[in-house]
Amino acid sequence: MKLFSTKQIAGIDSFTIEHEPVSDIDLMERAALQITNWLVQHFSTEQKMVFFAGPGNNGGDALAIARQLAGLDYQCEVCLLDFRKELKGSPATNWKRLQEQGKVALSKIKDVDGFPKVAANDVLLDGLFGSGLSRPLEGFPAEIVHKMNALPNTTVAIDIPSGLMGENNSENILENIVRADFTLTFQFPKISFLFAENELFTGNWQVLPIGLHPGGIAKTPSDFFFVEKEDVKEMIPRRTKFSHKGTFGHALLVAGSYGKMGASVLASKACLRSGVGLLTSHVPRLGYSIIQTAVPEAMVSIDEHDSIFTGIPDLTPFNAVGVGPGIGRKKNTCKALCDLIKQFRSPMVLDADALNILSENKELLRELPENSILTPHPGEFERLAGETADSWERIQVQRQMAKEFRVIVVLKGAFTSVALPDGRLFFNATGNPGMATAGSGDSLTGIILGLLAQRVCPEYAAIAGVFLHGLAGDIAAGRISENALIAGDITNCLGKAFLELK
Ligand SMILES: NC(=O)C1=CN([C@@H]2O[C@H](COP(=O)(O)OP(=O)(O)OC[C@H]3O[C@@H](n4cnc5c(N)ncnc54)[C@H](O)[C@@H]3O)[C@@H](O)[C@H]2O)[C@@H](O)CC1
Ligand SMILES: [K+]
């Protein structure tokens, strides 16, 4: 799914109005009905609904929802912020319709003294500002937001928590943004919802479709995408009857060192479970019996050194290479990594210590084979690319890095983002906090390597690999809880994840 800026969404709204065609007021009614249905499913008529409505269409939505709920016997109250200007367009029509219906207590408030009395069980609905917000909230609306945030009541934001910008919030006044428990957003997730620091404002968010025009969506360009199951299905290699193990490639994994052989075992298993035809794991001497015993399906290439990676094997048999988990940063290892990068001329996967070595030898970034995949977590990313003030700035730096070095940068987090050299950025939504556990990244490296070796193009290997990893983690958490989840469980559930993508 494409993701758009709030400005672009307003354009798609207008396109829908013109080309469906549908009147502005009917589109608002349709959008409001989606939220009304959600509210009916989540709250009983025992709970009073207190609406805060602003001067624009977001306020108009609130007025329409209040009327729809009142028609279903919910007790509703509406506070309209009075900016001493007449309401216009659909919000004005909806105000009139509410007055005519006569079922909802209406008040216009000019300052914070007009803030309504709220009982413990009441639900607050935030319809102050949506995608039309043009600057941070200040003055009287900000004071209303402070009052709302100080209350313990459940708060549901309509479309966007009021005060939050859809993309960049680096200049925003964070105290003046509504902190919702739920955000019900129309048609598309807003880009700012995908940043960790904004969870405080959005709470749990959910997308409600409002039937915006497919033609308007198709013609609006975007560099931002939200990865869905249907997209990933197309990226998974199919196995035909006459395929043999050579069909599915031969991967080389360079991972593990003395005390960190688990990284090699975890990544090897994940790679094999991703469908690779053949895997060779390159390990230091002391890792030989460990890997042979723990992963009998893998072949082993043995380093001359007892405990670390110091030299590369003949690379001719391999069509993909993954390097980094648990290799450490000893001088000999840096040298060997440097040789590997210079000698292997197809895309490779670099993770963990390989990234740390790159950040200490940035000139190596220019030597990477085109379309290589880097999988940093935020700490590794910062070492590679420098500090950033917030997630918006960080994804810009991520995209810049992908463009400049012609690599794919997978920035791991709750919504892992995958930046491609052409400037596109894909957000992933699978995965859960249980996966923040030792070795989870090793299994991701193995999965991406496995797909790459099967000749899945590097873009798809990264996007599908991240999706599968998260999906397997979600299946594992469903079976054994987020708390008990360990990295091996992710690999164990990969099979079920593949089945879900059939
Ligand atoms: N356009 C459409 O067809 C649809 C719009 N929808 C709703 O409309 C919303 C967008 O509506 P609008 O574009 O009217 O915008 P908003 O309702 O978000 O607010 C716009 C109004 O607020 C003022 N404003 C902006 N920033 C301000 C600030 N910091 N302090 C004080 N006033 C400020 C603007 O001058 C304008 O009067 C969406 O979020 C969604 O809720 C939905 O009804 C679906 C259909
Ligand atoms: K809102």
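## Around G413

G413 touches A196 and P378, with residues up to four places away in sequence left out of the count. This is a predicted model. G413 sits in the loop that joins β16 (408–411) to β17 (417–419).

A414 has its place in the loop between β16 and β17. A414 also counts as partly exposed, since 17 other C-beta atoms lie within 10 Å.

## The annotated binding site

The unreviewed entry lists K412, G413, A414, F415, T416 and G441 under "binding site". These residues span 30 residues in sequence, yet no two of their C-alpha atoms are more than 14.5 Å apart, so they gather at one spot.

## Overall build

The protein has 502 residues, and 51% of them are buried. Its secondary structure comprises 18 helices and 18 strands. Taken along the principal axes, the C-alpha atoms fill a box of roughly 85 × 45 × 40 Å.

## Two domains

The chain divides into domain 1 (2–222) and domain 2 (229–500). Their centres, taken over C-alpha atoms, are 42 Å apart. At the boundary, 8 residues of domain 1 are in contact with 9 residues of domain 2. On the domain 1 side, the touching residues split into 3 nonpolar, 3 polar and 2 charged.

## Nonpolar cores

The largest nonpolar core holds 106 residues. Within it, A251, I408, I448 and A464 have the most contacts. Helix α16 (residues 458–480) contributes the most to this core, giving 12 residues. Domain 1 and domain 2 each supply at least three residues to this core.

A251 shows what such a position looks like. Neighbours within four places in sequence aside, A251 is in contact with C271, V276, L279, F318, A320, G322, L449, G450 and A453. Another core lies apart from the largest one; it has 50 residues, including M49, F51, A66 and V78.

## The ligand 1 shell

Ligand 1 is surrounded by 27 residues. Which of them are closest? They are G56, N57, N58, G130 and G132.

By residue class, the shell around ligand 1 divides into 13 nonpolar, 9 polar and 5 charged.

## G127 in strand β5

G127 belongs to strand β5 (residues 123–127). G127 counts as buried, because 32 C-beta neighbours lie inside 10 Å and 20 or more are enough for that class. Beyond four places in sequence, G127 is in contact with F51, F52, A53, G54, N58, G59, D61, A62 and I158. One of these contacts, N58, is listed among the residues closest to ligand 1. Another, F51, belongs to the core of 50 residues.

Where does G127 stand relative to N319? The two are 192 residues apart along the chain, and 55 Å separates their C-alpha atoms.

Definitions and conventions:
Residues are numbered from 1 along each chain as its sequence is written. Chains are lettered from A and ligands numbered from 1 in the order in which they are written. This is a predicted model: local features need pLDDT of at least 70, side-chain atom pairs count only at pLDDT 80 or more; totals for chains, interfaces and linings use all residues. UniProt positions are given in the numbering used here, feature names are shortened, and annotations may be inferred rather than shown by experiment. Helices (H or I, at least four residues) and strands (E, at least two) are DSSP runs, numbered from the N terminus. Two residues are in contact if their C-beta atoms, placed from the backbone, lie within 7 Å. A residue is buried if 20 or more other C-beta atoms lie within 10 Å of its own, exposed if 12 or fewer, and partly exposed in between; C-beta atoms are placed from the backbone. A residue is near a molecule or strand if its C-beta atom, placed from the backbone, lies within 6 Å of it. Ala, Val, Leu, Ile, Met, Phe, Trp, Tyr, Cys and Pro count as nonpolar, Asp, Glu, Lys and Arg as charged, and the others, Gly among them, as polar. A nonpolar core is a set of buried Ala, Val, Leu, Ile, Met, Phe, Trp, Tyr and Cys residues joined through C-beta atoms within 7 Å. Domain bounds come from an automatic or database domain assignment.
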